[in-house]
Amino acid sequence: MAAEAAEAPDLLTSGSEIGGVTFVADAAVIDAVESWRRWLADERRSSNHTVSAYMRDLSAFFAFLMVHLGGPVSFAGLEGLRAADFRSYLARRAAENRAKTSTARAVSVLRGFFRHLEREQLASNGAVASLRSPRLPHAVPRPLTTGQAGAVVAAARDGAASANAQPWIAKRDAAVLLLLYGCGLRIGEALGLDGRDATGADVLLVRGKGGKERGVPVLPLVNQAIADYRAACPLALTAGGPLFVGTRGGRLGARVIQSGMARLRGALGLPPSATPHALRHSFATHLLADGGDLRSIQELLGHASLTTTQRYTEVDEASLMAAYNAAHPRARG
C-alpha cells in the first residue's frame, strides 16, 4: 500500500457528486455508488436522511482511501484491501474522536456497500467481514411521567412554549405536542402532515421512515386540539399544504418545537431528557404500563423491529423497582 503523501490532500479537490456528496473514484466505482444509493432509496426504502448519512460515511471512507492508496478509488483497490487497511480507517476515526454510534454506522455502511458490490458481481472482499462495530452503551428511553407530560401540554396551551404568545401559536404548539404524546408520532412525522391528512377521523394515516405508512388511532382530545389550532390560525391552511405552519406560512420546522420544549423544561423544572422525542417515549411507556402488548405498540410506533420496542419493557421494569424500593418497608431497611 502506498504511504500517505504530503501532496495527497490536493487530490481531494475534484470528484463526482452523488446525492449532494462528493466522491473521488473512477467512473465504474461512481456508477456503483449511485446504484447503491438508488437501491437504498427504492428497494430498501430508506429515508432521505438515512441515505444522505450513508453517502457521507462512504465518501469519508473514499477520501481516506485516496490518501491511503495514493489515488482515486477503483474496484481493484477495493478488492485489494486487507483487514489492516480497514482497521487503519477505524483508527483514523478514533483519533478524530468520532462518537461510537457514528463509527458503528460507518462500519454498517462499509458492510452494506461491499455486499452490494458482491451482489452486483462488481467486486468482492472478504476482509470487510473482519470489521467489528464498537460496543455501544445500552440506551434506555427516558420518558416523562403522566403528570409531567400533561403539564407540558397544558403549559404549551397557555403559551409557555413560545416567545411569541399569540393564541394561535399556543394552540399550534399544544396540538403538535399532543400528537407526539397522544399518538406516539415522531416530530418529523407530525410536522410532515398536510392539511388533507388531519380529517378528524379516529385513525390518522402517518408517513414514517422510508415513506412507510401506518394507521394511528387518534384520541378525541387530539383531534379537538388540531381543530382549535386550525380555527385560530390566521394564515391560509390548504388541503395540499402543511398542516402546521410558522409565522410566515411555511411548513413548521422541528427546531421551533425543540426550542419551545426547552422553554417548557425551564418553566416546569423538567430534566434535560424532556425533549419532544421523550413525549413519544412516554406514549409507549404509559401504554405498556396500562397493559398494552408489545406487538401493538410496535405497530403504533412504526418500529421495523420488535427489539427496538422491547426497550420500553426495561423502562417499565425500572419504574416498578423504583416504586417497590420507595414503598416496601423491607426495601428501606
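**A tour of the predicted model**

Select helix H1 (residues 27-43) and helix H5 (residues 100-119): their axes lie 10 Å apart, at an angle of about 105 degrees. Helices (H or I, at least four residues) and strands (E, at least two) are DSSP runs, numbered from the N terminus. Axes are lines fitted to C-alpha atoms, for helices over the stretch in contact, and angles run from 0 to 180 degrees between N-to-C directions. H1 and H5 are therefore roughly perpendicular to each other; angles under 35 degrees count as roughly parallel, over 145 as roughly antiparallel, 65 to 115 as roughly perpendicular and the rest as oblique. Show the side chains of Ala32, Val33, Ser35, Trp36 and Trp39 on H1, and of Val109, Gly112, Phe113, His116, Leu117 and Arg119 on H5, which make the contact (heavy atoms within 4.5 Å).

The model is predicted: local features need pLDDT of at least 70 and side-chain atom pairs count only at pLDDT 80 or more, while totals for chains, interfaces and linings use all residues. Residues are numbered from 1 along each chain as its sequence is written, and side-chain values use heavy atoms, with hydrogens and water left out.

Next, select Leu177, Leu179, Leu185, Phe244 and Leu279, the residues with the most contacts inside the largest nonpolar core, which has 43 residues. Such a core is a set of buried Ala, Val, Leu, Ile, Met, Phe, Trp, Tyr and Cys residues joined through side-chain atoms within 4.5 Å. Buried means under 20% relative accessible area, exposed over 50%, partly exposed in between (1.4 Å probe, protein chains only). Elements giving two or more residues to this core include H7 (167-183), H9 (220-232) and H10 (254-268). H7 supplies the largest share, eleven residues. Apart from this core lies another, of 36 residues, with Ile18, Val21, Tyr89 and Leu90 among them.

Centre on Phe244: beyond four places in sequence, its contacts include Arg172, Leu179, Tyr229 and Leu252.

Move to Gly240, in the loop between H9 and H10. Gly240 is partly exposed, at 48% relative accessibility. Leaving aside neighbours within four places in sequence, Gly240 is in contact with Asp194 and Arg196.

Finally, colour by pLDDT, the predictor's confidence in each residue, from 0 to 100. The chain averages 82, and 81% of the residues score at least 70. Where pLDDT is low, the predicted coordinates should not be read in detail.
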